[in-house]
Amino acid sequence: MMESTILTCENVTKSYGDVCALQSLSFAVGRDEIVALLGPNGAGKTTALEIVLGLRSADSGRVKLFGSSPRNVAVRRRLGATPQESSFPEMLRVDEIVTFAAAHYTHPADVGETLQRFGLAEMSKRRAGTLSGGESRRLALALAFVGDPELIVLDEPTSGLDVESRRRLWELVRDLGGGRSILFTTHYLEEAQALATRILVVDGGRLLFDGAPQLLRERVGGRRVQYIGSNGPVSIATADADAYVRSMVRDGVAFSDLEIARPSLEEAFLTLTGGPR
Amino acid sequence: MNSLTLLRAHTRVAFLDLLRWPGYVVPTVAFPAMFFALFDLPFARRSAAVADFTTLAFIVFSIVGVALYQFGVAIAQERGRPWERYLRTLAVSTTVRFSSRIVTAVLFGTMTALVVALVARAFTPLDLSFAQWLCVLLYALAGGVPFVLIGISIGYWTSPRAAVPFATAVNLLLAYAGGLWMPPSDLPEFVQRISPYLPTRQFADLLWSVLGNPGGGRAAAGLAIYAVAFAVIAAIGYRRDERTRYA
């Protein structure tokens with residue numbers, strides 16, 4: 001019952017007509033892992049999640065969720081997901097929708113407590129159709145957590161959340177524990193590094209990186225140093241920004257407007273793919 | 001989770017979501033009774049026989065309307081929604097989900113037919129025995145099946161925009177030509193000729209057989225054929241939608 005691997009994808013390939021969304025993607029999610037599927041828009045993240053959730057089937061390859069097909073109704077009792085966009089039955093109240101989702105699980109969390117945790121307690125009697133974008137987003141997330149399932153799958157969980165809600169969600173994810181796992185997509189490198197115990201980088205439907213956040217940081221961890229020099233703007237990528245700035249000062253390089261930035265996700269991809277595509 | 005708990009949860013959600021839309025409830029529940037009052041009440045007041053006959057016709061009209069809307073329009077509009085995708089990630093079978101639709105439709109169908117029956121009872125010399133009412137209930141449930149399947153077919157073969165006008169046209173044409181609004185013998189001759197082949201007419205014939213009218217067996221056979229035909233059309237439509245949306 002307590003298998004250590006919760007989800008395995010082996011050589012999963014998926015095309016929509018001529019467009020190849022996933023190319024031989026292989027990865028696994030183990031118990032207690034928080035896995036980030038990181039990539040730009042159109043990388044194939046959503047397709048990968050849809051296959052994991054049983055919403056789509058792979059053209060080839062194998063997907064096992066709790067040792068079974070994701071289309072098996074029984075395994076979905078151990079799975080929590082969010083509605084992709086907020087499109088709840090408009091006339092239902094927030095608490096009614098959360099109670100409805102909870103009814104599908106064997107040992108769901110307390111509905112009142114879940115509403116509290118997602119900041120929905122004050123609006124629990126409001127109709128879903130009257131919620132703002134951020135409130136709907138929180139309700140969607142509450143639905144993924146209320147069943148207290150072993151695997152929670154979140155598609156872009158923090159998009160549309162304000163800073164406070166985002167911080168609270170991060171806390172919830174970090175505190176989950178108890179043999180529970182999370183698989184989430186994001187296109188923010190920071191978010192993946194702050195939350196995940198493991199990061200999968202995908203682009204163009206391929207897996208470019210699979211490892212711990214520290215490893216990714218080492219691989220793409222340089223900084224970009226920018227300033228206005230005597231001959232105009234300068235922008236330099238360096239592995240050690242501190243040493244670089246120290247040498248600039250020591251050598252008496254004229255500069256103003258100094259800025260040190262983490263590489264953008266795009267730059268990280270360039271590093272991972274080994275150059276511009 | 002056991003299926004009964006889930007059936008209750010899904011039915012509750014579907015029922016409440018509809019019940020709280022006055023724009024759905026009022027037309028659905030009130031229109032058949034209103035049509036009855038407008039078109040047939042003057043005749044139905046004359047004798048118990050006419051009252052029984054027209055009331056049963058309008059009970060058929062109520063059930064057909066609910067089945068076509070509840071299944072046709074609702075499925076057409078819901079199948080593309082993100083909420084539907086979410087429901088597919090939950091541990092619930094298609095059977096339970098369809099059953100909840102059926103229960104919801106039966107609830108609304110009963111409510112609608114009940115309003116017609118109450119209006120008839122209040123304003124006409126309606127005269128049906130308890131045994132006859134039981135028979136009506138049984139026949140109404142059975143006779144509704146092909147209409148549920150026609151509804152499902154409309155739901156999977158029409159677009160969300162086309163569903164409402166299409167279901168309305170089908171509903172009104174079938175009601176008229178099936179002799180639900182006026183006695184079949186008052187219909188234009190051309191319509192009279194096709195009327196016995198229409199499912200609405202067969203449904204009405206089935207209920208009228210409770211009054212001792214002939215043709216109940218033939219009507220039941222016709223409805224069974226419609227049920228089989230539309231079960232196939234609905235199943236093909238369902239698979240087609242599955243394939244395009246969730247392949």
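**Note on the predicted two-chain model**

1. Chain A contains an open sheet of three antiparallel strands, ordered 2-1-4. Strands here are DSSP runs of E with at least two residues, helices are runs of H or I with at least four residues, and both are numbered from the N terminus; two strands pair if DSSP finds at least two bridges between them. The model is predicted, local features need pLDDT of at least 70, side-chain atom pairs count only at pLDDT 80 or more, and totals for chains, interfaces and linings use all residues. Residues are numbered from 1 along each chain as its sequence is written, while chains are lettered from A and ligands numbered from 1 in the order in which they are written.

2. At the edges of this sheet lie strand 2 (19–30) and strand 4 (60–65) of chain A, each pairing on one side only. Strand 1 (residues 5–16) of chain A runs antiparallel to strand 2 of chain A, and eight bridges join the two. Within this pairing, Cys9(A) is opposite Phe27(A) of strand 2.

3. Chain A as a whole has nine helices and twelve strands. Its C-alpha atoms occupy a box of roughly 70 × 45 × 35 Å along the principal axes.
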